[in-house]
Amino acid sequence: MKNLLFIILLPLFIYGDDFISDYEYGGMLYENPRGVSCSKCHGKDGRGELIATYKEDGLKKELKGPDITATTLEDMIKSVNSFHDVMPTYSLTNKEIQAIYEYIVAKKK
Ligand code: HEC
């Protein structure tokens, strides 16, 4: 009888609302957004990261992913859905982008 109860309740533990928190979900998407990790270019906490250095006309140049900690949700949705020279195009839903946004906001605190 005890085992039966366990089997009935198991899905609740697996699929329950707080199996992973919104923060963890946003973090997972930020690290693995079905494509190249955002953190590779924007840093672990969204404060920006050096992507590469190169030389142009004998001058040392830096390619950086910008700080995105002050970006609004609206701008983030626009950015992630549009074409850029360096940043890849993603196919994330607005909800997924919102989870990433909230993760970065929470990290900032
Ligand atoms: C290959 C590096 C790279 C990856 C990966 C990347 N970005 Fe970017 N991102 C950039 C660069 C560089 C820019 C500046 C625009 C440009 O030149 O592409 C940018 C711009 C942005 C902007 C606009 C910032 C501003 O100041 O207007 C946002 C928001 C953003 N990225 C969010 C993300 C998110 C969220 C992800 C993951 C889903 C991501 N980026 C993945 C390199 C990257």
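These legends describe close-up views of a predicted model. Local features need pLDDT of at least 70, side-chain atom pairs count only at pLDDT 80 or more, and totals for chains, interfaces and linings use all residues. Residues are numbered from 1 along each chain as its sequence is written, and side-chain values use heavy atoms, without hydrogens and water.

**View A. Helices H2 and H5 cross.** H2 spans residues 22-31 and H5 spans residues 94-108. Helices are DSSP runs (H or I, at least four residues), as are strands (E, at least two), numbered from the N terminus. The two axes come within 8 Å and cross at roughly 105°. The helices are therefore roughly perpendicular (65 to 115 degrees). Contact means heavy atoms within 4.5 Å. Residues making the contact include Tyr-23 and Leu-29 of H2, and Ile-100 and Tyr-103 of H5.

**View B. Arg-34 pairs with Glu-96.** A salt bridge puts a side-chain nitrogen of Lys or Arg within 4 Å of a carboxyl oxygen of Asp or Glu. Here the closest N and O atoms are 3.1 Å apart. Arg-34 sits in the loop between H2 and H3, and Glu-96 in helix H5, 62 residues apart. Arg-34 is exposed at 51% relative accessibility. Glu-96 is buried at 11%. Buried means under 20% relative accessible area, exposed over 50%, partly exposed in between (1.4 Å probe, protein chains only).

**View C. Lys-44 pairs with Glu-31.** The closest N and O atoms of this salt bridge are 3.5 Å apart. Lys-44 lies in the loop between helix H3 (38-42) and strand E1 (49-56), while Glu-31 belongs to helix H2. Lys-44 is exposed, at 55%. Glu-31 is partly exposed, at 24%.

Notes
Axes are lines fitted to C-alpha atoms, for helices over the stretch in contact, and angles run from 0 to 180 degrees between N-to-C directions. Angles under 35 degrees count as roughly parallel, over 145 as roughly antiparallel, 65 to 115 as roughly perpendicular and the rest as oblique.
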